[in-house]
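This report describes selected local features of a single model. The sequence and structure are shown first, and the notes follow.

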Amino acid sequence: MTTRSICFAGLPRDEQATVEAAFRQANAAQRWELANENEAGVVVVDMDSMYGQMSLMKAMSGGKVVVALTAGARAGTDFQLSRPVTAEGVATLLAELESQAPPVAAEPEPVAPETPVAPEPVAVTPAAEASAPEPAPAPEPEPEPAPEPPADARLADYLIPGALAGPVRLQMGDAPAIVLDPAQGVYLGGATLKPLLPYATAIVRESDFEPVDPAQLPALATELGGSHPFSRLAWILGLGGQDGVLAPGYSPNDRYKLLKWPQTEREFPRHFRIATVMMKGPALLTEIAELSGASLAEVTDYVNASLAVGVAQPDIVAPSEPEPAKGGLLGRFRR
């Protein structure tokens, strides 16, 4: 893998072709090459999609240089590519990446061997004969341990990169069985989401998981109903995980906006009206409930699910600076 290999991850198929065409035009000097997500040194993640947050975590855990592709103003990454993508925008991004990338060391030129010359004898004093002890080598840093789920962990805690060492199978109560494949960031199970709601609030222990042989994954995908991205599972777990209460770290006094529309309205018809209101612009939870006709608890659960996969965010406005006080007697009188 080189620092000049790049991948555009998680884009819709039609936009993928447009973006790669813009890349080829901007890469006329051919200093960069397209690579797959595992081999690329730079990964451009579509932050406006429902899978963007999972792709972001996967890229960051793999030590990649991450570029956010978004139509928004803030992305939380060191590099950003604005949507809609143009050749000029890609060229600017490549220049920024090259300016901060470490230089590639040139291969040393072969040197002709020199004729060995016998060293001149040097008088050695008794003090110099005693060689000083070599310093002990510095210990190698220990690798960071994988994050351990909390004591009352839920299934969402095991979707964090590094929480699972390999594929596992889970079935609790009447909920359907699913298989988690952390290496690929997918779960194996049915296409519908509502049957998975019991997993949103269930306490899941490590002993509840059954290890799965990776060679069995293709057969299990057929048996259980298909393969789906972790972000789809994270969405339903976020929807049912808080029971109508806003997720920790977010304020009910903030306005929330939807960046992209999650495709779940077939199973949850009321979400269509909630999403329609949020797509119009930032609004308070109470305003979204009033305009959509949904209950406040339904709106809160929908916002939690959208926040969990990165398709919604609070619209936080920076406080305006106070106007400087006017001097003089007239200014004091006005104040």
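At roughly what angle do the axes of α8 and helix α9 (residues 285-292) cross? They cross at roughly 125° and come within 9 Å.

The model is predicted: local features need pLDDT of at least 70, side-chain atom pairs count only at pLDDT 80 or more, and totals for chains, interfaces and linings use all residues. Residues are numbered from 1 along each chain as its sequence is written, and side-chain values use heavy atoms, with hydrogens and water left out.

Helices (H or I, at least four residues) and strands (E, at least two) are DSSP runs, numbered from the N terminus. Axes are lines fitted to C-alpha atoms, for helices over the stretch in contact, and angles run from 0 to 180 degrees between N-to-C directions. Angles under 35 degrees count as roughly parallel, over 145 as roughly antiparallel, 65 to 115 as roughly perpendicular and the rest as oblique.

With axes that cross at roughly 125°, α8 is therefore oblique to α9. From α8, Arg273, Ile274, Val277 and Met278 take part in the contact (heavy atoms within 4.5 Å); from α9, Ile288, Leu291 and Ser292 do. By class, the residues of this contact are five nonpolar, one polar and one charged. Here Ala, Val, Leu, Ile, Met, Phe, Trp, Tyr, Cys and Pro count as nonpolar, Asp, Glu, Lys and Arg as charged, and the others, Gly among them, as polar.

Helix α8 (residues 270-280) also packs against helix α10 (residues 296-308), at an angle of about 70° and with the axes 11 Å apart. The two helices are therefore roughly perpendicular to each other. On the α8 side the contact involves Arg270, His271, Ile274, Ala275 and Met278, and on the α10 side Glu298, Val299, Tyr302 and Val303. Six of the residues in the contact of α8 with α10 are nonpolar, one is polar and two are charged.

**Buried elements**

Buried means under 20% relative accessible area, exposed over 50%, and partly exposed in between (1.4 Å probe, protein chains only). Strand β3 (residues 42-46) has five of its five residues buried, so it is largely enclosed by the rest of the structure. In a regular strand the side chains alternate between the two faces of the sheet. In β3, Val42, Val44 and Asp46 are on one side and Val43 and Val45 on the other, and both faces are covered.

Two strands pair if DSSP finds at least two bridges between them. Strand β1 (residues 5-9) pairs with β3 in the parallel sense over four bridges, and five bridges join β3 to strand β4 (residues 65-70), also parallel. Val42 is the bridge partner of Ile6, and its own bridge partner in β4 is Val65.

Helix α7 (residues 230-240) is mostly covered, with 10 of its 11 residues buried. Among them are Phe230, Trp235 and Leu239.

**Backbone exceptions**

Most residues other than glycine have a negative phi, and most peptide bonds are trans.

| Residue | Phi | Relative accessibility |
|---|---|---|
| Gln30 | near 55° | 65%, exposed |
| Asp243 | about 55° | 70%, exposed |

Gln30 lies in the loop between α1 (13-26) and β2 (33-34). Asp243 is in the loop between α7 and β11 (255-258).

A cis peptide bond, with omega about 5°, joins Arg83 and Pro84. Pro84 belongs to the loop between β5 (79-82) and α3 (87-100).
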